[in-house]
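Thanks for making time this morning.

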Amino acid sequence: MVTRPPRMHPMDAGFRWPKPGLKNISLACLAAFFVFESEMALDLTTEAVMMAVEALEQGADNLLEKTFGFDRRSAQCISAWTGLGLLLTAGYFLLKRLGVWFSRQWMMIRYRYAMALDMAIAMIRERQIIERIRLYALVMIVAYFLIFF
């Protein structure tokens, strides 16, 4: 005989409270920092990205100087133009992905709008029917009292 586990409510299925630990506390503190100090967090994030790009650029300069024997200025020019090419290529693919994402979001908005509009029309029609029924009931009551009283 096969026994099945009891059916759970969909809201209960698979939900687990996170175990308290250093990782979850750190993530909660980071999220709170980004929520409450968004301007400073944006500045720090931008600065961190710029420092990482500078470090990569410096590493590329040193690699070009040591490996291929370029002088400092030539190595900087080569790494800058290579970085620009990589940035433009990554930007193209990112914008392509964002275009697909935005078109899906726009389709979802249009679908939800159409569904809400259909629901509103159905509610208006239902209300009109109820109003007609009330009007007919009132006419019947008035006619009843006029005829019998």
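Let me start with Phe-33, which lies in helix α1, residues 22–36, where helices are DSSP runs of H or I of at least four residues, strands are runs of E of at least two, and both are numbered from the N terminus. Before going further, please keep in mind that this is a predicted model, in which local features need pLDDT of at least 70 and side-chain atom pairs count only at pLDDT 80 or more, while totals for chains, interfaces and linings use all residues. Residues are numbered from 1 along each chain as its sequence is written, and side-chain values use heavy atoms, with hydrogens and water left out.

Leaving aside residues up to four places away in sequence, Phe-33 touches Ser-38, Met-40, Ala-41 and Leu-44, contact meaning heavy atoms within 4.5 Å.

The 31 residues of α2 should span 45 Å at 1.5 Å a residue, and the end C-alpha atoms are 44 Å apart, which agrees; the expected span here is 1.5 Å times one less than the number of residues. After α2 comes Gly-69, with a positive phi near 75°.

Now to the helix pair: the axes of α2 (residues 38–68) and α3 (residues 72–148) come within 9 Å and cross at roughly 130°, the axes being lines fitted to C-alpha atoms over the stretch in contact, with angles from 0 to 180 degrees between N-to-C directions. That makes α2 oblique to α3, since under 35 degrees counts as roughly parallel, over 145 as roughly antiparallel, 65 to 115 as roughly perpendicular, and the rest as oblique. The contact involves, among others, Glu-57 of α2 and Gln-76 of α3.

Gln-76, at 38% relative accessibility, is partly exposed, and its C-alpha atom is 8.0 Å from that of Glu-57, 19 residues apart along the chain.

Overall, the protein has 3 helices and 0 strands, and buried residues make up 4% of its 149 residues.

Terms used:
Buried < 20%, exposed > 50% of the residue type's maximum accessible area, 1.4 Å probe, protein only.
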